[in-house]
Amino acid sequence: MSGLDFCAALGMTLPVVQAPIGSAATPALAAAVSNAGGLGSLALSWTPVEACAARVRAATALTDRPFATNVVLAWPQEERVRACLDAGVRVVSTSWGDPAPCTALIHRAGALHVHMVASAEEARRAADAGVDAVVAQGWEAGGHVAGQVSTLALVPAVVDAVSPVPVLAAGGITDGRGVAAALVLGAAAAWVGTRFLLAAEADVHPEYRARLIAASETDTVYGGLFDGGWPDAPHRTLRNSTTRAWQEAGSPAPGARPGEGDVVARRGDAGAEIRRYSDDLPLSRDVGDVEAMALYAGQGVGLVRRTAPAAEIALELAHEARQVLAAIR
């Protein structure tokens with residue numbers, strides 16, 4: 001399957017995939033991106049198995065186009081994948097693990113399997129396992145980032161390694177110029193996360209939105225600080241009071257970090273406690289010192305300046321990309 005075939009198989013008219021941005025990814029967001037002609041995504045790695053189908057049905061009620069569900073393979077996910085497939089999902093994306101155990105299950109249901117990689121060698125292994133497309137995630141990406149190779153270097157290396165398997169480009173892509181660059185590098189589409197955190201349909205706390213809009217390209221930090229809930233998984237976030245206090249204390253190891261164990265927020269007025277260094281991102285219903293939470297963002301955040309409906313974002317990305325490509329021909 002080529003990149004063009006991949007997009008055509010899913011009815012995509014825009015080379016834009018909304019990355020599975022954790023709990024911020026709502027059914028309304030995924031459906032809106034797919035309705036616009038891209039591919040929306042739901043993140044279900046920690047969703048109770050019995051709730052996965054409900055999330056899928058909620059998105060299906062809003063679109064008749066395909067959308068993806070995503071799980072990270074650092075934990076067993078077969079039950080969640082099966083629940084999504086039984087609910088009619090046509091695309092499953094995976095990351096952070098061996099895709100092989102999931103591929104046959106996904107294919108038996110007639111769905112496509114997309115797997116995220118951080119190197120050309122990892123991409124070759126995924127292709128050998130039979131995945132239908134790979135996502136090459138560069139180090140510039142926000143959220144959890146497995147590798148340390150830049151998007152510019154990684155994408156063409158992965159394209160060369162797995163051709164004709166389609167490649168999606170991820171990491172630091174927040175405007176149409178980035179989408180155009182991804183296509184020039186050989187990707188079938190761009191995998192965009194940070195820009196969609198500012199979609200009107202995303203479940204994002206207003207303080208988080210404001211800090212994304214105010215940030216520059218130098219305001220992110222890569223490391224493993226927000227490890228509560230997912231240890232040993234490097235990630236990129238905005239600098240905030242938690243990162244600054246930790247750095248000022250000499251960057252101590254877990255167990256000796258400033259404020260470790262402090263409750264900084266709650267998931268709703270009477271909801272679950274969110275402790276400092278948790279991997280939770282701030283949702284709209286969170287109350288407390290949400291600025292101190294994990295504010296995931298890629299290095300392209302400096303180009304993100306406003307909230308807009310998800311469909312408008314997807315269409316704008318594609319329109320800008322077309323203009324850039326036309327100008328260089």
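A salt bridge is a side-chain nitrogen of Lys or Arg within 4 Å of a carboxyl oxygen of Asp or Glu. Keep that in mind as we tour this predicted model, where a search of the whole structure turns up 15 salt bridges.

Let's start with aspartate 203 and arginine 285, whose side chains meet in a salt bridge. This pair links distant parts of the chain, 82 residues apart. Aspartate 203 sits in the loop between helix 9 (194–197) and helix 10 (206–214), while arginine 285 is in the loop between strand 13 (273–275) and strand 14 (286–288). Aspartate 203 counts as buried because its relative accessibility is 14%, under the 20% cut-off. Arginine 285, at 45%, counts as partly exposed.

Here are some of the salt bridges side by side:

| Pair | N to O distance |
|---|---|
| Aspartate 203 and arginine 285 | 3.3 Å |
| Arginine 267 and aspartate 286 | 2.6 Å |
| Glutamate 121 and arginine 124 | 3.3 Å |

Arginine 267, in strand 12 (residues 263–267), and aspartate 286, in strand 14, are 19 residues apart. Both of these residues are buried.

Glutamate 121 and arginine 124 both lie in helix 6 (residues 120–129), three residues apart, or about one turn of the helix. Glutamate 121 is partly exposed at 39%, and arginine 124 is partly exposed at 34%. They also belong to a salt-bridge network that includes Arg125.

Last stop: aspartate 175, in the loop between strand 8 (167–170) and helix 8 (176–184). Aspartate 175 is buried, with a relative accessible area of 12%. Its side chain makes a polar contact with the side chain of arginine 177 (2.7 Å). Leaving aside neighbours within four places in sequence, aspartate 175 is in contact with Leu303, Leu317 and Glu320.

Methods:
Residues numbered from 1 in each chain as written. Predicted model: local features only at pLDDT ≥ 70, side-chain atom pairs only at ≥ 80, totals over all residues. Heavy atoms only, no water. Helix = DSSP H or I, 4+ residues; strand = E, 2+ residues; numbered from the N terminus. Buried < 20%, exposed > 50% of the residue type's maximum accessible area, 1.4 Å probe, protein only. Polar contact = N/O pair within 3.5 Å; in protein donor to acceptor, adjacent residues only side chain to side chain. Contact = heavy atoms within 4.5 Å.
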